[in-house]
Every structure is written in C-alpha cells, then in structure tokens.
Amino acid sequence: MKQIGIGLLGFGTVGAGVVAGLHRNRELLSHRLGVELVVRRIADVDLERDRGVPVDRAILTRDARAVIQDPTVDIVVELIGGTGIARALVSEALQAGKPVVTANKKLLAEYGEELFGLAEQGQVDLAFGASVGGGIPIIRVLREGLIGNQVQRILGILNGTCNYILSRMESEGAAFDVVLRAAQEAGYAETDPALDIDGFDTAHKAVILSSLAYGFHVPLSAVTVEGIRGLSGMDVQYARELGYRIKLLAVIRRDGDEIEVRVHPTLVPMGHMLASVNQVFNAVMVQCDLTGDTLYYGRGAGRDPTASTVIGDLADVAQGLVSRQPRHRRGVPRANQTLRVRPLAEITSRYYVRLMVLDKPGSLGIFTAILGRHGVSISAVTQRAVLQEGGHVPVVVLTHAAREAELHAALAEIQAAGVLGEAPTRLRILD
Ligand code: NDP
Ligand code: HSE
C-alpha cells in the first residue's frame, strides 16, 4: 500500500494525541483511505520527556527544519503553537512545496492572509480543521456542508478552558484560580493561559469562522474582545437567579452590508441550547438562509478530540496528494462583496448591569434618571439586601435593547455622580 510520510513539529499535548490516534486506528485508516499514514520524523525541544506514546527514538530530533527538509516527509504537521518559530516553519514548509496541517488559530488569525497566499502560490494544502472547536469538524461544515447557504449568524462557545472555568464556578462556586489550574492540568489551556481567559483564543477562532463565513479576511483588530478574567462569582450567581448562565460567547452576525464579530461574556437564557453546553464542551450554532439553525457540539479542547480533527485533515490532505488535487490551498472562499465590520459602539443589545450603589435615599433615582436621559430603558431592577463594605449594596439592572454607545455614556455619567462603590459591571444578554 502507498505510504504518506508525516513530519510532526511539536510533540506536546496535541502532537502526542495525533501519534497515539494514528497508531491506534492505523488499520482502520489505511483501509478507509487506501494509503498508509506513517509518522517519519518528530521534532520537539525536549526529547527526554515521556509523552505517553511509544515512538522509535531514532525519529526524534530537536531540529524542526530537518523534519521539513526530510525527503521522506510528505506532509508537515505544525503543533508547536504561537506566531514565532511556528510562522517561520509553516512558511518554510509551504515554500518547499509541502502541505501543512495545523491547529494554530493564533497563527492563522494573525498571519492567515500571508500563509494562505504562500499555499496558493505553491499550489499546496494548508489545512486547519482543529484550529476551531477541537473535536468538532466545524471548519469542514462551513467550507463544504453549508457552502450553498448565506450565513446569517454564528454563535459559538469556542474556548474549552473558559467554559470549564465558568461551569465549575457556577455549579460548585469554585474559585477562578483553582479551576484554571485544573484546566491547565487537563491539557485544555494554551501555553499562555491569558490567551484563553482574556478572550483572545476565542477571538482568533471568531476571525477564522467569520472569514470563512463571509469570504474575506476579518482583521483581528476589528474584533471586540472581552474575556472572563475578573468576572465575579456574584454575577455568575445573580445571572443564575435571573434565569441565565454566563458563557464566553463569540457572536458573528450579518446585518445588511455589515457584520458584527465580537467576543464577550454573555448572559444566555437557561432555555437556550447553548446554556446547556458545560465543562470543556464547545458548541457552534450556525444560522443560514436555507438550513435555518444548525448546532455542532463536542469537546472543544484536549488531546484526543483535537487529534481526531488533525487526523481528519491529514487524511484529506493525503488523498489530495494521491490524486494530485490540493483541497485546502485557498484559506477562505472568496466573497463577491467586502462587508464593513460594525464598531462596538454601534451594536444594539440588552444588558445586565450591576452597580454597587451607596445605600442612601435618592441613590436609585440618580442612576435611573441618567439611564433614562441616555435613552436606555430599564426592564427590571433588583436591589440585593447585602450591605457591602463602605455602605454599598448591589443593584442589578436589566435593560431593554439599547445602543452600546448610549449605555457606555450613561454608565460613565453614573460613575461620575459619586454614588457607586466601584466601577459598574456590564454584561450583554443574548436575545
Ligand atoms: P503544547 O505546549 O502541549 O505542545 C507544544 C510542543 O511544541 C511542546 O512540546 C513544545 O516543547 C514544542 N516546541 C516548542 N518549540 C518548539 C520548536 N522550536 N521545535 C519543536 N518543538 C517545539 O501545546 P498543545 O499541544 O496544547 O497545542 C499545540 C497547538 O494546538 C497550539 O497551536 C494550540 O493552540 C493548538 N490547539 C490545542 C488544543 C488543546 O486542547 N491543547 C486544542 C486545539 C488547538 P516544550 O514544551 O518543551 O517547550
Ligand atoms: N485552549 C483552547 C481551549 C484549546 O481551551 O479551547 C482549544 O482550541
């Protein structure tokens, strides 16, 4: 049977999962593909650490370039991460005419245009299925299954680490730092977990999804990004009492000639399907003109689920090599129209606002009047009878739909009025 040689760059969590998966399902894969996928070289900086999978030590090297240049390597798999050495190595492989499979969403969100340009120039594949959704083959769904549709909206829980943290904060009242450590130990978090908790990992994925959905490169700088660092357990509990669950959501939607691409903690009504997506699970809800809503659910991070999607790409690219028909050389299908990315100030949403208000006569009147002057209509107000340090009480306000700019101006004015003990908390509510 014909063999396709694989060169792996990065033998960490996902890299080890790919080697283990290829080993475990070798016969099944060969039978299905008609070619055998053989790992010929593996590069990593640390060759001593036990990766939990048996490999012939002779194929290990510290020299990633030697892997790319090895004539027995037909496909390069980049699983190092980041935009430093990974960018150089992916470019080098593509320029050498070798197809690349990567799970590196940061690299694609920041340098996708450049790298897909190289892939197109060289007529080679650059496959990136595992860059969004871990074990959920959502990239393939958008590229292939939904190609005949206009995408109206994508809602995504796209970061396993954040969803795991939020789920455990809500269900156990667990402390943020403790659950973040557990997510790191489980292999869910990025090498720099700030990427997860500050929302940038989700934003990288939102860039990839929106670019695929709308056919032009959406710049990361145009995406609104708010993470879950500093999210208070108080808000998680109040949201629950009000019938919502807080999720870090990517919201991508089209409205005429504009799209919104934003990432922020969001109150999701308990009855909404996305509210039931807990722990490390991810879900992507895609609304299209022909299909209506479709939902894709699965483990969004972790060794084996992510390896599954990388192997799916390997199988596809290997078949492309055999048939001499590259399948992924063009990153995003080109659209006939470039859309404006709507700035945050212009979006409209309902809001959850928590104010720590000085507990004295007239305080409530001050902020309700200011909201009214800015055209922000209140749908509910609850004052919690929990006196906090400094004589402040939490007051939770739910608004009707308002423009972000108006709410922002109102909150600035409320803060300047001197009745708050701390800066207001403002979260958006999913409609
Ligand atoms: P890891 O940190 O576990 O693995 C990266 C590996 O690359 C490490 O073993 C690291 O070595 C090695 N490495 C660093 N520099 C080099 C180099 N110059 N040459 C060769 N090897 C090098 O990361 P993950 O496996 O978790 O992630 C890999 C990629 O997959 C990232 O892009 C990530 O965003 C993406 N991803 C990860 C998921 C997950 O659940 N973990 C899910 C989806 C995507 P050392 O540690 O010794 O520095
Ligand atoms: N750190 C990422 C997450 C890995 O937690 O979702 C999967 O992309």
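Analyst: The structure holds three aromatic pairs. Here rings of Phe, Tyr and Trp (its six-membered ring) pair if their centres lie within 6.5 Å; planes under 30 degrees apart count as stacked, over 60 as edge-to-face and the rest as tilted. This is a predicted model, where local features need pLDDT of at least 70, side-chain atom pairs count only at pLDDT 80 or more, and totals for chains, interfaces and linings use all residues. Residues are numbered from 1 along each chain as its sequence is written, chains are lettered from A and ligands numbered from 1 in the order in which they are written, and side-chain values use heavy atoms, with hydrogens and water left out.

Take Tyr164 and Tyr188. Their ring centres are 5.6 Å apart and their planes stand at 75°, so this pair is edge-to-face. Tyr164 belongs to helix H7 (residues 160-172), while Tyr188 sits in the loop between helix H8 (176-185) and helix H9 (194-197), so the pair ties together parts 24 residues apart in sequence. Helices (H or I, at least four residues) and strands (E, at least two) are DSSP runs, numbered from the N terminus. Both Tyr164 and Tyr188 are buried. Buried means under 20% relative accessible area, exposed over 50%, partly exposed in between (1.4 Å probe, protein chains only).

Now Phe281 and Tyr297. This pair is stacked, with 4.9 Å centre to centre and 5° between the planes. Phe281 is in strand E11 (residues 281-288) and Tyr297 in strand E12 (residues 292-299), so the pair links parts 16 residues apart in sequence. Phe281 has 18% relative accessibility and counts as buried. Tyr297, at 48%, counts as partly exposed.
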